[in-house]
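Subject: Structure handover

Hello,

Here is the structure for you to look over. My notes follow below it.

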Amino acid sequence: MSDDFDLLETNSQEKTEKVDVNWGKAIDQMKSKLAQEDDPESRQKILNATLDNVVDMAEKDRTTLLDAIKDLTDYQDEVGIMFEGFSALNAAEQKIIDDAVKRLERAKVELEDANNKPDTWWNNLWGRKSKIRDAEQELQNAQKERDASDNKAKAMFQQRIETADVQTLLNELSFKSQAAIKRLKDREIEIKEVEESLKTAIVEASNNHTKALQKKKEVEDKLEEQYALLKQARQALEEVADKQSTEYSDALGKVTTLEQKVEELEGLKNAYTTLAASKDSFVHKHNLTIKVLTSLRSNLQTHRAKLKSDTDERLKYYDGYVVALKARTDQEFAAILEHLGVKTDEHIGETLAAMHTASARARQEMMDNIPVHEKVMQGVYGSYAEALNEIREKDKSIQKNFAERYGIDMKEIFEDYYAADANAPTGDAGGEPAGEPKPKAGEDDLLG
């Protein structure tokens with residue numbers, strides 16, 4: 001197995017900027033909310049699950065994730081975690097922070113340039129002091145914008161995830177897990193550094209404890225000497241009979257000097273005694289602190305290792321969940337299409353069947369109407385033959401009249417017309433009689 005597969009590895013060279021944490025009620029609040037997730041009907045939901053039920057369950061998952069992301073984001077503020085380093089910002093949200101940072105850096109450079117201009121009458125004449133004031137004001141404004149940029153980005157982030165889908169929320173949760181892993185590792189590095197400094201402090205405190213004891217012993221030896229000298233000086237003072245003599249004054253001064261020396265040495269003795277006790281106490285305190293920090297660091301390593309490993313597995317787990325949601329949607333879509341297809345087939349079948357029955361009924365009506373039509377046509381033809389017979393009879397009368405009055409033989413004019421059977425129709429029913437002559441228009445046609 002590769003050597004780099006070490007979930008507990010802590011590299012102090014990767015240390016980043018420390019983050020101050022102000023612990024509050026955030027952890028307890030989050031634990032309380034997580035503990036409320038208890039559904040006794042979950043088994044029944046699984047047993048009676050349908051695709052529609054799954055939609056409701058998936059929406060509950062999304063709502064739960066959304067609440068968790070909101071709680072985590074608020075928790076970041078409570079414990080002092082920088083927002084932009086612990087949330088997956090999109091381009092627009094990140095741009096707000098980046099622009100504020102660039103403006104602040106630019107304002108610092110401009111103020112530095114303005115202050116670096118020599119304080120001469122010529123530069124002051126050309127507005128050096130006013131440029132410094134403007135640069136200072138711009139720096140204040142830029143700092144205010146930078147301070148507010150996190151809240152602006154956070155507001156946009158919160159608004160965006162309100163309508164985010166499950167996949168986006170899962171990605172955000174994964175991002176926070178990755179950020180937490182880095183944060184735990186940074187904290188381990190910080191604890192490790194403190195442990196090392198405490199080890200050094202233990203050595204120093206132990207050395208100082210030893211030195212204090214040595215100094216105390218030296219002072220005690222000097223005190224023994226001074227006590228003996230003071231005893232002798234006091235005895236000599238008592239032996240002087242003349243209390244008003246110079247000898248008595250000298251003896252008294254010697255006693256006073258020795259008493260001061262003893263007082264100073266006793267003060268040093270007490271100081272070294274207190275110092276030795278203090279250093280001995282800090283040796284034990286530092287040792288206890290190291291034990292506590294080592295235990296905490298070990299626990300952090302355990303949490304980080306588990307979180308790192310579980311997050312890697314969880315990403316695959318989330319991918320499967322998202323794909324399952326998409327597959328459910330595709331399945332529902334296919335079912336809808338199948339349902340629509342069946343309904344369409346039914347409608348088209350109904351239409352085709354209606355077309356067939358309507359066509360059959362139309363044919364029947366046509367067949368039923370043929371005898372009626374024939375009867376009508378017989379009447380038409382009979383009326384036509386009757387009218388034509390009357391016309392022929394009248395033509396004969398006109399012919400005879402023309403022959404008698406004008407001596408004109410009309411027989412040739414009507415010969416073709418009378419060639420047909422008087423009782424048989426000629427030509428179309430609605431047209432002119434067959435063989436009926438049509439007058440030709442000529443130049444002398446008075447009706448033309």
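**Helix packing**

Helices α4 and α6 cross in a left-handed sense (the near helix is turned anticlockwise from the far one by less than a right angle). This is a predicted model: local features need pLDDT of at least 70, side-chain atom pairs count only at pLDDT 80 or more, and totals for chains, interfaces and linings use all residues. Residues are numbered from 1 along each chain as its sequence is written, and side-chain values use heavy atoms, without hydrogens or water.

Helix α4 spans residues 91-116 and α6 spans residues 128-162. Their axes lie 8 Å apart, at an angle of about 165°. α4 is therefore roughly antiparallel to α6 (an angle over 145 degrees). The contact of α4 with α6 has 16 nonpolar, 4 polar and 13 charged residues. Charged here means Asp, Glu, Lys and Arg; nonpolar means Ala, Val, Leu, Ile, Met, Phe, Trp, Tyr, Cys and Pro; polar means the others, Gly among them.

**Aspartate 61**

Aspartate 61 sits in helix α3, residues 51-79. Its relative accessible area is 33%, so it is partly exposed (between buried, under 20%, and exposed, over 50%; 1.4 Å probe, protein chains only). Valine 166 is 105 residues from aspartate 61 in sequence, yet their C-alpha atoms are 7.6 Å apart.

**Whole protein**

The protein has 9 helices and 0 strands (DSSP runs: H or I, at least four residues, for helices; E, at least two, for strands). Of its 448 residues, 24% are buried.

Best wishes

Notes: Axes fitted to C-alpha atoms, helices over the stretch in contact; angles between N-to-C directions. Parallel < 35°, antiparallel > 145°, perpendicular 65-115°, else oblique.
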